[in-house]
Amino acid sequence: MSGQRLEGKLASERQRHFVGRAAETHIFGDLIADEEQSSKFLYLYGPPGIGKTTLIHHFVDQCRQEQLAVFLIDARLLEATPQAFLQALGQATGIAETAEPTAVLAELPNRYVLLIDTYENLAPIDSWLRAILLPQLRADTVVVLAGRGEPMSTWRGDASWRGLFRPVPLRNLNPEECRQYLEIRSIPQDQQLAVAAFTHGHPLALSLIADLFTQNPEMLFSTQTAQNVIQMLVSEFVEGTLDSGQRAALELCAMLRATTQSALREILDVPDAYSLFAWLQSLSFVEKGTSGLFPHDLAREALSADLQWRDPGRYAELLKSSRLHYEKRLMQNRERDKQGVIADYIYLTRGNPLVSPFVEFDTLSEVYADLFRESDRQALLAMISAFEGAESAQLCDYWLGCSPHKTHVVRSGTGVGPHLTPCGFWCLIRIDQATQAEREMDPAVAAACEYLERHGPLRPGESATLFRFWMSRDNYQGVCSVQSLILVNMVRHCLLTPGLAVSFMPCSDSQFWAPVAEFAELNRMQEADFHVDGRKYGVYGRDWRTLSPIEWINALGDKMEMDPEALPARRQDSAIVLSRNDFGLAVRNVLRFWMNPTELRSNPLLQSRFIIEISGSESRIEQRIAVLQKVMLQAAESLGSAPRRAQLFDVLRRTYFEAAPSQEAIAEALNIPFSTYRRHLIAAIGVVSDVLWDKEIDAVWPQKPAEIAK
């Protein structure tokens with residue numbers, strides 16, 4: 001039997017489960033390796049469960065590997081007084097009670113590291129620590145503080161500390177780090193994506209779910225599992241007992257896109273909301289933005305889900321009060337201010353089952369809208385060529401920058417500088433000002449103009465807008481942050497453009513957008529459909545003269561207040577006939593949302609003939625989703641059975657059926673150029689689509705329905 005101490009085994013187990021935090025580990029490693037580092041004080045901060053204590057213990061192990069003296073103080077149960085802290089410091093360093101710890105530490109012959117965890121509990125003596133105790137330590141001491149909230153402003157305001165003090169916020173783990181952790185914890189691969197999506201990479205949530213799998217290895221991650229975890233997370237996020245005002249403020253903060261003092265005052269009907277706003281701002285899981293306060297993603301979802309489960313009536317009441325608040329602001333605010341109000345209003349719809357699959361609310365902050373610049377032209381034309389063909393690219397080339405028509409470019413919010421490569425765009429055409437030559441040139445403009453002439457010619461002072469082109473560089477018109485930002489801006493344009501009579505929105509896959517168009521009270525304008533390069537574009541739109549923007553907002557509000565179970569659903573009792581192009585688009589969308597089956601509820605393949613034949617006309621939508629995934633996986637696996645197509649299946653499998661950080665990473669793992677990877681991916685999707693199309697045409701599957709539907 002080895003004489004290894006338990007301490008060593010514990011450290012080894014910690015290291016085995018430790019993933020991520022490469023940047024923080026590198027920063028700390030530089031500090032302890034270089035005695036001339038100017039910054040000697042790290043302040044780690046983040047919400048509960050983000051992994052501060054885990055990282056602190058990782059730093060301890062780093063120090064011991066470097067044979068550097070390290071002292072750890074956990075202030076969790078420590079009384080916030082100088083005397084109690086000095087006593088804890090003496091115990092941590094092994095200094096006799098009769099000695100003065102700081103004096104002894106100052107005389108130590110070698111460097112050391114001092115780590116203080118749960119620093120938020122020492123807030124009452126923060127000034128004493130900063131001004132009196134810490135300056136007495138050796139000049140080469142490395143100090144790490146870890147707390148929930150941002151460091152007090154006095155640290156940054158004190159010129160003597162400014163060059164030595166470095167705040168480091170801790171964020172959630174990224175998708176690859178999630179995958180690594182779940183692999184280490186032996187979570188089944190077919191469960192990992194659902195777990196990662198639910199947790200948003202929050203370490204505590206990942207750990208809680210992994211513990212549940214350890215207790216029950218055969219468990220399937222489900223709504224009930226998520227609800228159990230939510231209850232544990234809520235108790236972690238919200239410490240202590242809340243009074244009724246605090247609870248209401250927290251519930252509202254989880255519901256709104258951004259919470260302001262005026263929103264608290266008006267929605268909750270409290271005369272003085274200052275104290276509630278200040279209390280929210282003090283919470284470690286609430287962040288401060290330019291528009292107001294907002295909770296971290298997982299905290300928002302946990303708090304919101306808890307309220308809907310615990311008190312659905314209260315949730316509906318808050319939703320209605322919030323809606324009325326924004327409707328009132330829309331009628332009162334200046335035009336410039338209304339843009340933000342519209343975004344706030346749309347955000348309230350995120351819980352609606354007809355809207356949530358079509359808008360990525362949580363990633364909108366990653367992109368922003370900008371005006372078209374001539375330097376963008378080639379990038380935009382390349383997008384059009386890739387997705388719609390050369391003829392569309394020629395039309396787009398004409399419309400780009402044409403006045404009074406406008407093109408808006410979407411750029412990533414993570415870059416720097418005004419000329420970032422576009423990641424998407426949309427083009428607005430004032431068809432009431434289109435010339436006869438332009439009508440004859442562009443089939444979309446011709447069809448829209450003819451529709452207007454038949455169904456409601458414009459009167460003096462009225463205008464009509466055609467959203468001629470709209471797309472994401474990576475996802476075309478699929479659901480993503482770029483597409484979501486475009487949709488929000490389309491709504492803004494329709495509500496805020498004076499004199500706008502009619503708007504037209506062409507879609508490459510009109511069937512896909514049918515549910516959200518129905519929710520948004522948009523009409524299917526089939527007479528405005530058009531063809532370019534052999535492809536049909538279906539058009540949705542609205543005559544705003546028959547329903548004013550405020551009436552439209554009210555109509556949406558009425559739907560938002562309906563019980564989700566009572567919302568109008570698409571009929572599932574009869575098959576629909578899809579064109580070959582629409583069928584292929586639906587196949588790609590199944591792959592796009594493979595790891596999130598709830599997003600497949602509106603996919604037209606669920607009403608295709610072969611799915612209905614396999615699952616039965618009376619089957620529920622969940623059964624059809626399961627059957628659709630089963631048969632598509634079988635079609636994909638058929639690629640792997642042919643040696644010459646094996647790499648196509650490998651590309652498809654890694655891209656859609658397994659967790660991967662990026663397409664570039666997949667290409668690197670397969671040791672092929674990225675252009676080759678993209679070519680293989682397109683080919684693989686095409687083969688799967690062809691296989692399924694053959695089944696749809698014949699409506700006969702080689703296995704019995706019962707065997708596939710199991």
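The model is predicted, so local features need pLDDT of at least 70 and side-chain atom pairs count only at pLDDT 80 or more, while totals for chains, interfaces and linings use all residues. Residues are numbered from 1 along each chain as its sequence is written, and side-chain values use heavy atoms, with hydrogens and water left out.

**Exercise 1. State the secondary structure content of the chain.**

Step 1. Helices (H or I, at least four residues) and strands (E, at least two) are DSSP runs, numbered from the N terminus.
Step 2. The chain comes to 32 helices and 15 strands.

**Exercise 2. Determine which residues of helix 20 are buried and where they lie around the axis.**

Step 1. Helix 20 covers residues 390-399, and its buried residues are Ser392, Ala393, Leu395, Cys396 and Trp399.
Step 2. These residues cover an arc of only 165° around the axis, so they are on the same side of helix 20. The arc is that of the directions from the helix axis to the C-beta atoms.
Step 3. Ala390 and Gln394 are exposed on the face turned away from the buried side of helix 20.
Step 4. After helix 20 comes Gly401, with a positive phi near 75°.

**Exercise 3. Describe the packing of helix 29 and helix 30.**

Step 1. Two packed helices are described by the angle between their axes and the distance between the axes.
Step 2. For helix 29 (residues 646-657) and helix 30 (residues 663-670), the angle is about 140° and the axes are 10 Å apart. Axes are lines fitted to C-alpha atoms, for helices over the stretch in contact, and angles run from 0 to 180 degrees between N-to-C directions.
Step 3. Angles under 35 degrees count as roughly parallel, over 145 as roughly antiparallel, 65 to 115 as roughly perpendicular and the rest as oblique. Helix 29 and helix 30 are therefore oblique to each other.
Step 4. Asp650, Val651, Arg654 and Thr655 of helix 29 meet Gln663, Ile666, Ala669 and Leu670 of helix 30; contact means heavy atoms within 4.5 Å.

**Exercise 4. Identify the two sides of helix 30.**

Step 1. Ile666, Ala667 and Leu670 are buried in helix 30.
Step 2. Their arc around the axis is only 100°, which puts them on the same side of helix 30.
Step 3. Turned away from that buried side is a face with the exposed residues Glu668 and Ala669.
Step 4. Asn671, which follows helix 30, has a positive phi near 60°.

**Exercise 5. Is Arg185 buried or exposed, and which residues does Arg185 contact?**

Step 1. Arg185 is located in the loop between helix 9 (175-184) and helix 10 (189-199).
Step 2. Arg185 counts as buried because its relative accessibility is 15%.
Step 3. Its side chain is joined to that of Tyr181 by a polar contact of 2.7 Å. A polar contact is a pair of N or O atoms within 3.5 Å; within protein, one must be able to donate a hydrogen and the other to accept it, and residues adjacent in sequence count only if both atoms are side-chain atoms.
Step 4. With neighbours within four places in sequence left aside, Arg185 is in contact with His17, Ser207, Ala210, Asp211 and Thr214.

Terms used: Buried < 20%, exposed > 50% of the residue type's maximum accessible area, 1.4 Å probe, protein only.
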